[in-house]
Amino acid sequence: MAFWNYLCKAFEKTFIREDRYLDFLTGLGNTLIITLGATILGVLIGALIAVIKTIHKQSGKLKVLNWICELYTTIIRGTPVVVQLLIMYFIVFASSTNSVMVGILAFGINSGAYVAELMRAGINAVDIGQTEAGRSLGLSRGVTMRSIVLPQAIKNVLPAIGNEFISLLKETSVIGFLGVMDMTRVAQRVISRTADPYFPYIAIALVYLGMVCILNYFVKKLEKRLAKSDR
Amino acid sequence: MIDNAVTQTNETVNAGDIIVSTRGLCKSFVKDKPVLQGIDCDIRRGEQVVVIGPSGGGKSTFLRCLNMLETPSAGQIFFNGEEITAKGVNLDQVRARMGMVFQHFNLFPHFTVLKNITFAPVQLKLQTPEEAEKKAMDLLRRVGLEEKANAYPSQLSGGQKQRIAIVRALAMDPEVMLFDEPTSALDPEMVGEVLDLMKQLAEDGMTMVVVTHEMGFAREVADRILFIDQGIILEEGAPETFFGNPQMARTQEFLSKVL
């Protein structure tokens, strides 16, 4: 009974008083915006890198671009995301006040290096005969890649991109470092007013968990559907 | 063998009659393991050439070199008198005038049948979308597959896929059609429909180079047979003489096994 009383009180303190649920909703919104923006940016960067690397491997062209891509993936995968975030926020975009945008850029650039490998595997999984058929019709290397190979590659890696979205959703919780009001940061701020860490942290953990479970469900469903259409 | 590889650089090729020719064509994928060891060959306009020979002998590689899908290691290839092995040639423009049909069809699975056929001519601005669609429907009607225009490749049988693949190549108005074992991946009962279409093409005077194991087709349709083994043209001739009176021991052995 005492526990139930605590729960009710803590709920009131955390969410109801001073309309704090609105802060949580704003935080959740920011978390989702950053995750979505970073995923889209990551897929664009990843696809670009994968295409450059594949064309370089197939034809030996684009040497300089390929070298830049190698450098980029080495740096991004070789440094912690929090450090990248701090560098973006305090050095590269020191003059920017839009910290959500900086977050999208930082996480997107980070994600791109990982998505590139996914995309590369997806491109490699497309039968080489597709490229040959495109080229034999007189289509250029670029058109063949863009219109024939990439759409099939993206379909191959769609579930993996869903998983990348899920891990980004969780990863973005470190953006509170920059004072961005994401869900985690809102919880911290509320705790500084209520002096009760238990309820808010468990509550946001459950929100994250709930979102991940829902997303997982859709990724699984997507995987199943794609597997069926391949048969 | 290596002597065959010496190219005859200064030989001029008559563009009027001969559409594709090769001089000293060599290809090796791995060092010291040549697949083609110097092939000289002229293909005349309107001619149907059937290439036969044992597996691994270089037939497919020869065919794939003709539209530069494989880059030759040495030698020259001419298309309408233009050397397409030379540096700076726009190969996309060359390939747009050479149709190719693959063993595994290679239809684009994410496009409908109609878009498979119209995509390249529209993309390359050779035809307007309306022209391309009309032409595609005409060709589909000709092969009896017009009701499949809006189907996806996965909904078609193997024979239908290959006929669509042939139509896709024909929609580009090619000057020559290259067939790389077009019936080898088909169930036996579907081989006939594809060969029938190819015979029709031959009757219409299409220039064709066909790599195949279908000896009946070769005998019936070919103007000339090329027997390629170990990377060279071991023997060539009209089907009657080739099948009736093969000269080389290797050819006789091969024919005794397949006929």
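**Chain A against chain B**

Reader: How many residue pairs are in polar contact across the interface of chain A and chain B?

Author: Five, with both residues at pLDDT 80 or more; a polar contact is a donor–acceptor N or O pair within 3.5 Å, and sequence neighbours count only through side-chain atoms on both sides. The model is predicted: local features need pLDDT of at least 70 and side-chain atom pairs 80 or more, while totals for chains, interfaces and linings use all residues. Residues count from 1 in each chain, chains are lettered from A and ligands numbered from 1 in written order, and side-chain values use heavy atoms without hydrogens or water.

Reader: How much area do the two chains bury between them?

Author: About 1,600 Å², with 61% on carbon and sulfur atoms (accessible area lost on joining, 1.4 Å probe, both parts summed). Of chain A's buried area against chain B, 35% comes from E132(A), S136(A) and L137(A), more than from any other three residues.

Reader: How many residues does each chain put into the contact?

Author: Chain A puts in 17 and chain B 22, contact being heavy atoms within 4.5 Å.

Reader: Changing topic. What does M208(B) touch, leaving aside neighbours within four places in sequence?

Author: M208(B) is in contact with E47(B), Q48(B), V49(B), M177(B), F179(B), M198(B), L201(B) and A202(B).
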